[in-house]
Amino acid sequence: GINAEYGTDRSTLETMSESPEKKKKTRSKSKKSTPGKTHKRRSWQGEAEQRSRRHRRSHKMDGPPDLESGMAADDTHDTDKSRTKLAKKAFASGDAEASKALHAARSVTEEAGHKSGGEYLKSMTYGAMDGLITTFAVVSAVVGGELALSTVLVMGFANMLADGISMGLGDYLSSSAELKFAKMERARELWECDNDLDAEKAEMVELYSLKDGISEDEAKQIVDIISKNHETFVDIMMVEELGLMPPDEDDSPLKNGFITFGAFVTFGTVPLLPYVVAAIASDSAAIAEADAVFAIAIVLTAIMMFTLGALTSRFTADDWYMAGLFTMFNGGLAAIASYVIALLVAKLFNVEI
């Protein structure tokens, strides 16, 4: 089929959007035409439906199958992972028909093919990347300046903790200020909407009229519909008029700060691990040991950078290996710059420790 590259054929995708009665008839007809034949490969949707039916029979439930309430949590997770893979492949290859079939198989409220957990992705990614790159840059500077191994531990851990606190606090303050500003603007828009709805509607009509393909009469119809509920109307106004996302009650600036700090310290420790082991295993802090320990630090840091970049690709449309290579390149560039600058400064000022 034309969807062979997705690991399934077109008939499987079409079956996903069929009604339960039609699916039952199709399966019965297939069994009659091929008696005694068992299918070793089933679509993930068919397996999910069978598990759903078994669950419903065990609980004596009536009505049509419900993927959300009829499946166990792990079954739902597996189904979502398979659907997300197909959705990403359909997008990457521009196969609109496959995408339509996937969306028809599940309602919008079930968020077909979309990921959750991205609300803290920015904090975790920035914290982890900064922890790795900043700490490794310090290590590179110490090695480039031909300083003692013990200097790496002193400067590395001091810088890691100081920068981690600064990053976490900065994330908390910026997220808190952004949330407070959004709440304040929403309260103001809601007050204006309650006291002068016609003026707010006129503003939205003007904004929609400026969009391509929407006439003024159509804009008025749109605004008349969405303004029936003030809460919904204000949320739409914040996006269209102010360019702000409506504040979410689940947003936690404090959690953002802790995630940034935790990620920074956790990943920032990686470049220092070889030096910790070297310090414990030997009493010597000779510069001669630096090359071997530094080589190990380079390998560990590169692996972690690549892994971090590859993991972030789960939330984007990038290929995992390209995301990993780009992250590794970014960290390597910073480390090389730090190493070269430290080496030049050490030679220029005759720094010796």
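A helix here is a DSSP run of H or I with at least four residues, and helices are numbered from the N terminus. By that rule, F261 is found in helix α12, which covers residues 253-268. The model is a predicted one, and the values that follow are computed from it.

The chain as a whole comes to 15 helices and zero strands. It has 353 residues, of which 34% count as buried. Among contacts in the chain with a separation of 6 or more, 70% are accounted for by residues 24 or more positions apart.

Not counting residues up to four places away in sequence, F261 touches L161, G164, I165 and G168. F261 can also be set against Y126: the two are 135 residues apart in sequence, and their C-alpha atoms are 9.9 Å apart in space.

T260 is found in helix α12 as well. T260 counts as buried because its relative accessibility is 1%. A polar atom of the T260 side chain lies 3.0 Å from the backbone oxygen of N256. With neighbours within four places in sequence left aside, T260 is in contact with S123, G127, M167, G168 and D171.

How do α8 and α12 lie relative to each other? The angle between α8 and α12 is about 155°, and their axes are 8 Å apart. Angles over 145 degrees count as roughly antiparallel, and α8 and α12 are therefore roughly antiparallel to each other. The crossing of α8 past α12 is right-handed. On the α8 side, the contact is made by M160, L161, D163, G164, I165, M167, G168, D171, Y172, S175, S176 and L179. On the α12 side, the contact is made by P253, L254, N256, G257, T260, F261, F264, V265 and G268. Sorted by class, the contact of α8 with α12 has 11 nonpolar, eight polar and two charged residues.

M160 of α8 and G268 of α12, both part of that contact, are also among the residues in contact with T135. T135 lies in helix α7, residues 121-144. Is T135 buried or exposed? At 0% relative accessibility, T135 counts as buried. The T135 side chain reaches the backbone oxygen of G131 at 2.8 Å. If neighbours within four places in sequence are left aside, the contacts of T135 are D130, G156, M160, G268, P271 and L272.

Helix α8 has a further partner in α11. Helix α8 covers residues 149-195 and helix α11 covers residues 230-242; they pack at an angle of about 120°, with their axes 10 Å apart. That angle makes α8 oblique to α11. As α8 passes α11, the crossing is right-handed. The residues of α8 that make the contact are A182, E185, R186, R188, E189, L190, C193 and D194. Those of α11 are H230, E231, F233, V234, D235, M237, M238, E241 and L242. By class, the contact of α8 with α11 has eight nonpolar, one polar and eight charged residues.

The next pair is α9 and α10. Helix α9 (residues 197-209) packs with helix α10 (residues 216-226) at an angle of about 135°, and the axes are 8 Å apart. This angle makes α9 oblique to α10. The crossing of α9 past α10 is right-handed. K201, M204, V205, Y208 and S209 in α9 meet E216, A219, K220, I222, V223, D224 and I226 in α10. The classes in the contact of α9 with α10 are seven nonpolar, one polar and four charged residues.

The last stop is S227, whose place is in the loop between α10 and α11. S227 has a relative accessible area of 6%, so S227 is buried. What does S227 contact, leaving aside its neighbours within four places in sequence? The residues in contact with S227 are K201 and F233. K201 is one of the α9 residues that meet α10, and F233 is one of the α11 residues in the contact with α8. S227 and L197 are 30 residues apart in sequence, and their C-alpha atoms are 8.4 Å apart in space.

Note on methods:
Residues numbered from 1 in each chain as written. Predicted model: local features only at pLDDT ≥ 70, side-chain atom pairs only at ≥ 80, totals over all residues. Heavy atoms only, no water. Helix = DSSP H or I, 4+ residues; strand = E, 2+ residues; numbered from the N terminus. Buried < 20%, exposed > 50% of the residue type's maximum accessible area, 1.4 Å probe, protein only. Polar contact = N/O pair within 3.5 Å; in protein donor to acceptor, adjacent residues only side chain to side chain. Contact = heavy atoms within 4.5 Å. Axes fitted to C-alpha atoms, helices over the stretch in contact; angles between N-to-C directions. Parallel < 35°, antiparallel > 145°, perpendicular 65-115°, else oblique. Left-handed = near helix turned anticlockwise from the far one by under 90°. Nonpolar A, V, L, I, M, F, W, Y, C, P; charged D, E, K, R; others polar.
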